[in-house]
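Q: I would like to learn how to read the features of a model like this one. Could you take me through it step by step?

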Amino acid sequence: MSEHISSVKLYITIWIALMVGTILTVMAARIDLGVFNPIVALAIASTKAVLVVLFFMHVKYTHEKLTKLVIVTAIFFFLILLALTMADYGTRLWT
Amino acid sequence: MATAALETGERETYLNREYGVKSWLLTVDHKRIALLYLMGITFFFFVGGFFALLIRLELLTPAGDLVQADTYNKLFTMHGQVMVFFFLIPAVPAVLGNFLIPIMIGAKDLAFPRINLLSWYLYIIGGLLMVYTILSGGVDTGWTFYTPLSTEFLNTNVVSAALAVFVSGFSSILTGLNFIVTIHRMRAPGMTWNRLPLFVWAHYATSIIQVLGTPVVAIAIVLVALERLFHLGIFNPSLGGDPLLFQHLFWFYSHPAVYIMILPGMGIVSEIVCCFSRKRIFGYKAMALALLGIAVVGFLVWAHHMFVAGISLYAALIFSLLTYFVGVPSAIKVFNWTSTMYKGSIRYQTPMLYAFGFIGLFTIGGLTGLFLACLGIDVHVTDTYFVVAHFHYIMVGGMVMAYLGGMHFWWPKISGKMYPEGWGRLAALLVFVGFNLTFFPQFILGYMGMPRRYWDYSHSPEFQILNVLSTAGATVLAVGYLLPMIYFVWSMRYGKAAPDNPWNAAGLEWMIPSPPSTFNFEEEPVVTWEAYNYDEIKENEEVPVAH
Amino acid sequence: MHTSSTATVNHEAHDNPALLHYFATAEQQKDAASLGMWIFLITEIMFFGGMFCAYLVYRYWYFGDFAAGSSSLSLTLGTINTIVLIGSSLTVALAVRCAQVGKKKAIVVNLILTILLGLAFLGIKAKEYKDKFDEHHIPGQASFFLEGHIPRHPDIPVNQRHAQIYFSLYFALTGMHALHMIIGVGLFSFLTWKATQGTFGPGYYTPLENGGLYWHFVDIVWIYLFPLLYLIDRHP
């Protein structure tokens, strides 16, 4: 099997990045950013998630394009669930 | 070519390789698992059908005089739940899909045979939970479990029914997962995506829906159960919740679910139409893309079940528009089947009769769906018999006919025996006549304003004559369904032995013996021909065998 | 039409006892297992996704009450739990790496660390649940009461019905997550046992890799749950 083997250094680096992200998100929550608070929180969370997917779950080094297609498909349909549901809730009070 | 010969001199097949209950209950052979599913599917079809007959008997007269009102609610609820979750969703994939997909792609088995067996056990456990629900008093929420009726106001077995659906849903997810991995990873050399039978494409598209949609209804049901058990208010307006949220989560799955039911049937119809027209499918790529298109767009339309429930008008407009779009790929398929038949050499054996029935009845059902997509019309006919007729045209006139057509088409391969063709055609005719007599009057009833789920219509006695016609039709339909059960069983003992390829059909499954040996192929096939190569298969000529 | 005469003679079966007979090569089997696990994970995305949808709807409707509920959670314990879980993802990734390079003893060490961190997470979660019980923040109970007011609006008290919906979703989301952690700990206990028998090495570590994928997924769910549940409107 010609699998890519990441170095211990890479894993530790990603781990540190995830720690930093955690601390950042707690700090950002303590500051009043108005409507940007949830946006920043989700952005940091998504960055952390992407790091886990790419490096801990080895998606960056896979030779399989199908894996990426599967992930993107799931995210797409999840967002459809949220978006079209909110299309109802967001417009219920419109006249 | 070496085949194992048993002591009796018989060729070894997947049926006679091992005998005994344990060899069936612990099998990992996809073909045996398909037959295990067939037992369950047939059982639940009759359970659901029994409830339907009671409903039709009650509706013979305007007064509610056969059963109590609450009992009637239980009848239509359990008819719906049993038919949807324990018959329609699993029937084609778990029986025909399981049996045929590995063979059609040139593989020895599915990617995960033990998970396949687990799927069956989950289906049975879910089924037993459903039987328990029925025997211990039933459930009367409607098959849709709408809240807060299901969470707060009913004393019936909502939790066990919900659990039954949850467990069977998990079975469905694992089957879909198995099929996707199998089709991606287990195709024989030369079996490229462009050479796959449309039956396989159909199950691929179905499996995508199964893995993406089912989990959402699973969590919706879990939340209903939690709400019931812990007095939560997630879907309860008096506790601050929104009943429409349940409906959003429920229909996000349940609309694509109807495509889980119909896409495999469309795959069957493509196989049958090509064989009995002796022609390649018209527009192979368009047919494959249409299957995927239905699967994808089918996820975007769910709130058309909620037009009058209280969603915003703007959301309703969006969903109405998207619902019109989903009709397009289905229409493409109907045009392509018709074009396949044009200038073909048509044969009218039983499978083809069912395929004709499917194409006509699915078209009517599908077109009436477009009526319902129109907000102005939907306001008047929603929750009437118009809707009931619409979905029965697709599910019964479409999917059940495709299922029966497929069972007849592949019965020789599965059992090694021929069914009696005369009886087959008679049954198909009875099903077609009985079906139309049952459900066409319901379009008119709905248009005239008869509400669904009503046990008593004595305020409108003018509905009676159409109801009587409908019940008469249901009786004919029941006979039509009973006949194949009888002659299939009869054929296992007394039927003529089937050759490898009784229909002179194209496809890898017709190049191996009937019934197949346990590992399907003596040697892994190498595919060098396109799908539906009917121009290469001469009439009455022995088709070269794969082994 | 041709049939292949050598394709099914399976030399690999002799080298790799884990190769199942209906696969042509070990690589095909590994690719199938990997794809299977990824598809299972997307079903989990949609499963949790339904609850995230419910959360989104009610946070949109009842933002103030959600913020009040969020403030009643312990930020300290939540942050510690996040750090613990991310640490366990590191140890899982290292365990798989050890298998890839053949350090069989180190696999066991990393797997045990993963399990310990997972159990630590569950222990802290149990403590948080107990705190909610003691503070009468269990939804659906007659004794439920979330004291206080909407953040920065001292004149608007918390709406108890809306707050109960926040806690319903809090328990549903974290409870379902914890259930997946428990299953994960069970799964990894099995994998640790197998590792002690020397099953995993550079030639075969598929169950480790796929178990790792599952664990990382559960970690990612928490990465989203933490800000969504603990960090609503936490600023003064």
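A: Gladly! Let us begin with a definition: helices (H or I, at least four residues) and strands (E, at least two) are DSSP runs, numbered from the N terminus. This is a predicted model, where local features need pLDDT of at least 70, side-chain atom pairs count only at pLDDT 80 or more, and totals for chains, interfaces and linings use all residues. Residues are numbered from 1 along each chain as its sequence is written, while chains are lettered from A and ligands numbered from 1 in the order in which they are written.

Q: How many helices and strands does chain B have?
A: Chain B has 15 helices and one strand.

Q: What is the radius of gyration of chain B, and how does one judge it?
A: The radius of gyration is taken over C-alpha atoms, and the globule rule is 2.2 Å times the number of residues to the power 0.38. For the 547 residues of chain B the rule gives 24 Å and the model has 23 Å, which is close, so chain B is as compact as a globular protein of that length. Along the principal axes, the C-alpha atoms of chain B fill a box of roughly 70 × 50 × 45 Å.

Q: What share of chain B is buried?
A: A residue is buried if 20 or more other C-beta atoms lie within 10 Å of its own, exposed if 12 or fewer, and partly exposed in between, with C-beta atoms placed from the backbone. In chain B, 59% of the 547 residues are buried.

Q: How are contacts read in chain B?
A: Two residues are in contact if their C-beta atoms, placed from the backbone, lie within 7 Å. Among the contacts of chain B between residues at least 6 apart in sequence, 85% join residues at least 24 apart.

Q: Where in chain B is the pLDDT below 50?
A: pLDDT is the predictor's confidence in each residue, from 0 to 100. The average for chain B is 94, and 97% of its residues score at least 70. The stretch below 50 is residues 542–547 of chain B, which has 19 contacts in the model beyond near neighbours in sequence.

Q: In what order do the elements of chain C come?
A: Chain C has seven helices and three strands, and along the sequence they follow the pattern β-α-α-α-α-α-β-β-α-α.

Q: What radius of gyration does chain C have?
A: Chain C has 23 Å, whereas a compact globule of 236 residues would have a value near 18 Å. The C-alpha trace of chain C spans about 80 × 45 × 30 Å along its principal axes. Of its 236 residues, 49% count as buried.

Q: How far does α7 of chain C reach?
A: The expected span of a helix is 1.5 Å times one less than its number of residues. Helix α7 (residues 206–230) of chain C has 25 residues and reaches 36 Å from its first C-alpha to its last, close to the 36 Å expected. Since 21 of those 25 residues are buried, α7(C) is largely enclosed by the rest of the structure.

Q: Which elements of chain B touch chain C?
A: In this interface, 40 residues of chain B are in contact with 33 residues of chain C. Elements giving two or more residues to the chain B side are α6 (158–185), α7 (198–230), α8 (243–277) and β1 (525–526) of chain B. Of these, α7(B) gives the most, with 10 residues.
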